[in-house]
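Reader: Could you walk me through reading domain contacts and helix packing in a model like this one?

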Amino acid sequence: MGVLIILILVSLAVALAFLFAFIWSVKSGQYEDDYTPSVRMLFDDEQDKSTNTDNQS
Amino acid sequence: MSTSTSGTVEKFSYDNNIVRLFANATILWGAVGMLVGLLVALQMIFPVLNMNLEYTSFGRIRPLHTNAVIFAFVGNGIFAGVYYSLQRLLKTRMWSDLLSRINFWGWQLIIVSAAITLPLGYTTSKEYAELEWPIDIAIALIWVVFGWNLFATILKRRERHLYVAIWFYIATFVTVAVLHIVNSFELPVSMFKSYSWYAGVQDALVQWWYGHNAVAFFLTTPYLGLMYYFIPKAANRPVFSYRLSIIHFWALIFLYIWAGPHHLLYTALPDWAQSLGVVFSVMLIAPSWGGMINGLLTLRGAWDKVRDSVVLKFMVVAVTAYGMSTFEGPMLSLKSVNAIAHFTDWIIAHVHVGALGWNGFLTFGMLYYLFPKLYRTQIFSTKLANFHFWIGTLGILFYAIPLYWAGFTQSQMWNDFDSNGFLEYPNFLYTVTNILPMYAYRAIGGSLYYIGVIVMVYNLIMTARVGSFQKEEAAEAPALAKANPGLAPGEHWHRWIERRPVQMLVWALVMILIGGIIEMVPTFLVKSNVPTIATVKPYTPLELQGRDIYIKEGCNACHTQMVRPFRSETERYGEYSKAGEFVYDHPFLWGSKRTGPDLAREGSSKLRKPNSWHFEHMYDPRSVSDGSIMPAYPWLLEKELDTSTTAAKINAMITLGVPYEEGYAAIANRDLVKQANEIADEMRAQLEEEGFEVSADREIIALIAYLQRLGTDIEKTNETAEKQ
């Protein structure tokens, strides 16, 4: 049982490291393209096929 | 961003049939689940509506209502929305039609088995996880089928970027799987009976970690995903801030998992765990409101569309209700507010703002959007849809406001002292009868809401009739070239992650596990969290059987077993509850709603009633307690106690660490019969005079034994202490 706890704690440490890296990235707001996906999702209906923006993004 | 979608254009089609199946199921189970809700609401005013039938008594069908609206109505709504939007967002058909069908029929089978077993009294007693172990296993399997289909579809997508809604779906799948498995850890005793692996405080912590996250990851995150898809689609404009949606997602899934203990404030849960729950619950307001604002501001400069689109009307109210309940949630998590609201109807009002407003209205909006699309027509009657919107909105108000009033009023009455320092309302019943008018208004609100649902069902059926269903919707998109393993110049690493669903899965899993593990592991490990009380002993075989009847009849739906450390409660019920009192409780039975009085000290010298009182009270509560709204349980006097299970139950308890003597299972029934005879003999003379027949082998005897045991162990402690 004890070893399970150790394993969990190790995973936890790794996870926390990821987490802090992530929070840092969010705070630094370095998202490259945080607009196109929101527009692209609007153009998937049949009649809009011609306006598929895949090659413009 | 540099693109890598240079493949040839491929033709394929979207599977609309699976969407239609789930949408129809959503409507059907919504109508059923809400009707049962209306029935339980009416039972609280007219106990006669329990029909003196075990299968329709409140304790058994209240879980039927909650399970039906959560897992059947909202559950099918999630699947309908996910199967529709996922295909279109990823420009691909679902990976496997077979898995889609297994997902659908398996889920309906689970719902049907729940609708059969819950009225029969097969329940674990753990809220929103009442279904017994074979159904739990089925849920896990079908859920995995859903996840398998989800991820396989993501892997074969034709759109590199994973739109924000898909992240919410992924988090939903992963977290619900983890929650369900951890909380359903139970030891089967028979085909439809099991005991929770955890006991007392630990069981409570696991349960509310699950319970709260069922709200978070079943009622919230998938619906946020649907919001991020259907609101922009219905308004035909992009979400207000895509960046905000990314932040919303990560912040929300990380914070939500820690909030569970706010369901256990002022209970015997260790203080540090309570505080942790409070802190994270308060923080939750930030991402929640970020999401709400993002949803509403999507309509900035286009509010005129809301006037014309009934879909948007529903969704705007849904998002507003989301905002209100996620403001109220953190407030209710503050200990001082919680002290007032906990165990009262305030909480029922709170969850229904979320359920009727957020889940209900978003589902309705989605259905009004989907049906015309699927049937290639217009909505049959916009007028009726608008009528549904208005009567539904009124219904929510008529539902919630009286219950806020009722909850606050009752709480104040519980806490009221007279000038001599005695309880102003020592009779609990008076605080119940006083709020019955509010229960009536609530039922009116629920009826209004339900009328709207019926109108919607008619409207959607007519829409389907007028239109022609398009089973396959043709589409085409360029194939995705092999993913670029590196990053384009200037590209941020998060973009790299977004392209990798499997890594996303692992990450999301890791993040939600952090919350759960940090909160739970120490409680399991740190012994000091559960002080051992020497006089707390395992239940006798008869009491154990009685406890299982208590669970079967769902007594915990209305009665708590948790005296909080307030003077108003210790005056009314006696000593406050200690963690050490519950160490043999598999499962814990603290309850979450005090429609009737707390029972934690029911057998104590302060509250103890004669055996015959319990007997008559169960037969007809109103014969001993005029005006009571408790259902009658006449069948307990008739049904023989099944003692063939005693040995298996004792053995299961031994396996779970309850210190019965080795080999006790074999002789347990001897003690059971002896105790049952004592109880029956004690009250026989009096009851036979009143025309009752008293037999020691009936279920009522076991229930009385259990009730008379409650709260007695700790008195022995006090006596010992006094002697010393």
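Here is a short talk about domains and helix packing.

Author: First, this is a predicted model, where local features need pLDDT of at least 70, side-chain atom pairs count only at pLDDT 80 or more, and totals for chains, interfaces and linings use all residues. Residues are numbered from 1 along each chain as its sequence is written, with chains lettered from A and ligands numbered from 1 in the order in which they are written.

Reader: Which domains does the assignment of chain B give?

Author: Domain bounds come from an automatic or database domain assignment. Here chain B gets domain 1 (299–480) and domain 2 (541–723), and their centres, taken over C-alpha atoms, are 37 Å apart.

Reader: How many residues of domain 1 of chain B are in contact with domain 2 of chain B?

Author: Contact needs C-beta atoms, placed from the backbone, within 7 Å. Nine residues of domain 1 of chain B meet 12 residues of domain 2 of chain B that way. On the domain 1 side, helix 15 of chain B gives the most, with four residues. Helices here are DSSP runs (H or I, at least four residues), numbered from the N terminus.

Reader: At what angle do helix 13 and helix 14 of chain B pack?

Author: Axes are lines fitted to C-alpha atoms, for helices over the stretch in contact, and angles run from 0 to 180 degrees between N-to-C directions. Helix 13 (residues 345–374) and helix 14 of chain B pack at about 170°, axes 7 Å apart. So helix 13 of chain B is roughly antiparallel to helix 14 of chain B, a label for angles over 145 degrees. Among the contact residues are B:Trp346 and B:Phe361 of helix 13 of chain B, plus B:Ile396 and B:Leu403 of helix 14 of chain B.

Note on methods: Two residues are in contact if their C-beta atoms, placed from the backbone, lie within 7 Å. Helices (H or I, at least four residues) and strands (E, at least two) are DSSP runs, numbered from the N terminus. Angles under 35 degrees count as roughly parallel, over 145 as roughly antiparallel, 65 to 115 as roughly perpendicular and the rest as oblique.
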